[in-house]
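I opened this notebook to record what I looked up, entry by entry.

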Amino acid sequence: MISDRIKELRKDKSISQKTLGQKIGVSQKAIDYWERGVNEPKASYIIALADYFGVSADYLLGIKEE
């Protein structure tokens with residue numbers, strides 16, 4: 001679920017994986033892995049993603065809809 005949300009939010013902002021990575025302090029490869037569901041972001045990166053996209057961590061995790 002988080003993989004889909006990250007990809008959807010990134011595409012809505014029309015930014016690349018590399019740009020998103022630069023904004024939150026991770027590599028493009030990390031974003032790619034998160035979006036493909038290979039890995040999941042640590043709590044600190046979930047918070048950074050939520051802040052960047054202006055959504056709640058619960059939304060990213062699929063716990064609630066925004």
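Entry 1. I looked up a pair of charged side chains and found that Arg-36 and Asp-32 meet in a salt bridge, at 3.1 Å from N to O. I note that the model is a predicted one. Both residues sit in helix H3, four residues apart, so about one helical turn separates them. I then checked their accessibility. Arg-36 counts as exposed because its relative accessibility is 53%, and exposed starts over 50%. Asp-32 has a relative accessible area of 17% and is buried, the cut-off being under 20%.

Entry 2. How many salt bridges does the structure hold? I counted two. The other entry on my list joins the side chains of Glu-35 and Arg-10, with 2.5 Å from N to O. Glu-35 belongs to helix H3 and Arg-10 to helix H1, so this pair ties together parts that lie 25 residues apart in sequence. Are these two side chains buried or exposed? Glu-35 counts as buried because its relative accessibility is 8%. Arg-10 counts as buried too, at 9%. I wrote down the general point beside this entry: side chains of opposite charge can pair when their charged atoms come close.

Entry 3. I listed its buried residues: Ile-2, Ser-3, Arg-5, Ile-6, Leu-9 and Arg-10. Seen down the axis of H1, they fall within an arc of 165°, so they line one face of the helix. On the other side of H1, I found Asp-4, Lys-11 and Asp-12 exposed. What do the buried residues of H1 pack against? I found H2, H3, H4 and H5. I also looked at what follows H1, and there Ser-14 has a positive phi, near 55°.

Entry 4. I picked Ile-6 from the buried face of H1 and looked up its contacts, leaving aside neighbours within four places in sequence. Ile-6 is in contact with Leu-20, Trp-34, Glu-35, Pro-41, Leu-49, Phe-53 and Leu-60. Glu-35 in that list is the residue I had already noted in the salt bridge with Arg-10.

Entry 5. Last, I looked up the largest nonpolar core, which has 17 residues. Those with the most contacts inside this core are Ile-6, Leu-20, Ile-24, Trp-34, Leu-49 and Leu-60. Which elements give two or more residues to this core? I found helices H1 (2-12), H2 (17-24), H3 (28-36), H4 (43-53) and H5 (57-61). H4 supplies the largest share, four residues.

Terms used: Residues are numbered from 1 along each chain as its sequence is written. This is a predicted model: local features need pLDDT of at least 70, side-chain atom pairs count only at pLDDT 80 or more; totals for chains, interfaces and linings use all residues. Side-chain values use heavy atoms; hydrogens and water are left out. A nonpolar core is a set of buried Ala, Val, Leu, Ile, Met, Phe, Trp, Tyr and Cys residues joined through side-chain atoms within 4.5 Å. Buried means under 20% relative accessible area, exposed over 50%, partly exposed in between (1.4 Å probe, protein chains only). Contact means heavy atoms within 4.5 Å. A salt bridge is a side-chain nitrogen of Lys or Arg within 4 Å of a carboxyl oxygen of Asp or Glu. The arc is that of the directions from the helix axis to the C-beta atoms.
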